[in-house]
Amino acid sequence: MRMYEDCPHCGIHFEREDGYFMMAVFVGYVMSFFIAVPAVVILYFTIRPSIWGYLIGATAALLLASPLIFHYARVIWMYIDQLLDPRREDEL
Ligand SMILES: [Zn+2]
């Protein structure tokens, strides 16, 4: 669950400022929604468990996907940030 501090290819520093990746949490929420909801829908159309079954199924899906969510939320956040507030030459 760790990541490089700087890009090994171009040397760009990922964390522009303290708390830079806090916004990635919100990207992660959106990604989690798009994983949990399909898991619940699949459960509904297959085994139709009790309410606890949905909860356990969605939790299991999110736990399995959490390493992907963790990393890709940060990557997507960096793309959004670069789009909205591009890095200057002296920041690279
Ligand atoms: Zn790079």
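A residue is counted as buried if 20 or more other C-beta atoms lie within 10 Å of its own. By that criterion, 8% of the 92 residues of the protein are buried in this predicted model. The radius of gyration is 17 Å, whereas a compact globule of 92 residues would have a value near 12 Å. Along the principal axes, the C-alpha atoms fill a box of roughly 55 × 25 × 20 Å.

The secondary structure consists of 2 helices and 0 strands. Among contacts with a separation of 6 or more, 56% join residues 24 or more positions apart.

Helix α2 covers residues 51–84, 34 residues in total. Its end C-alpha atoms are only 41 Å apart. A straight helix would reach 50 Å at 1.5 Å a residue, so α2 falls short of that span. The helix also bends, by about 55° at alanine 65. Proline 67 follows within four residues of the bend.

The buried residues of α2 are Ile69, Ala73, Arg74 and Met78. An α-helix has 3.6 residues a turn, so residues three or four places apart point the same way. The partner of the buried α2 residues is α1 (22–46), against which they pack.

Residues up to four places away in sequence aside, cysteine 7 touches Ile12 and Phe14.

Conventions
Residues numbered from 1 in each chain as written. Predicted model: local features only at pLDDT ≥ 70, side-chain atom pairs only at ≥ 80, totals over all residues. Bend = angle between axes of the 7 residues up to and from the residue. Buried ≥ 20, exposed ≤ 12 C-beta atoms within 10 Å, placed from the backbone. Contact = placed C-beta atoms within 7 Å. Rg over C-alpha atoms; globule rule 2.2 N^0.38 Å.
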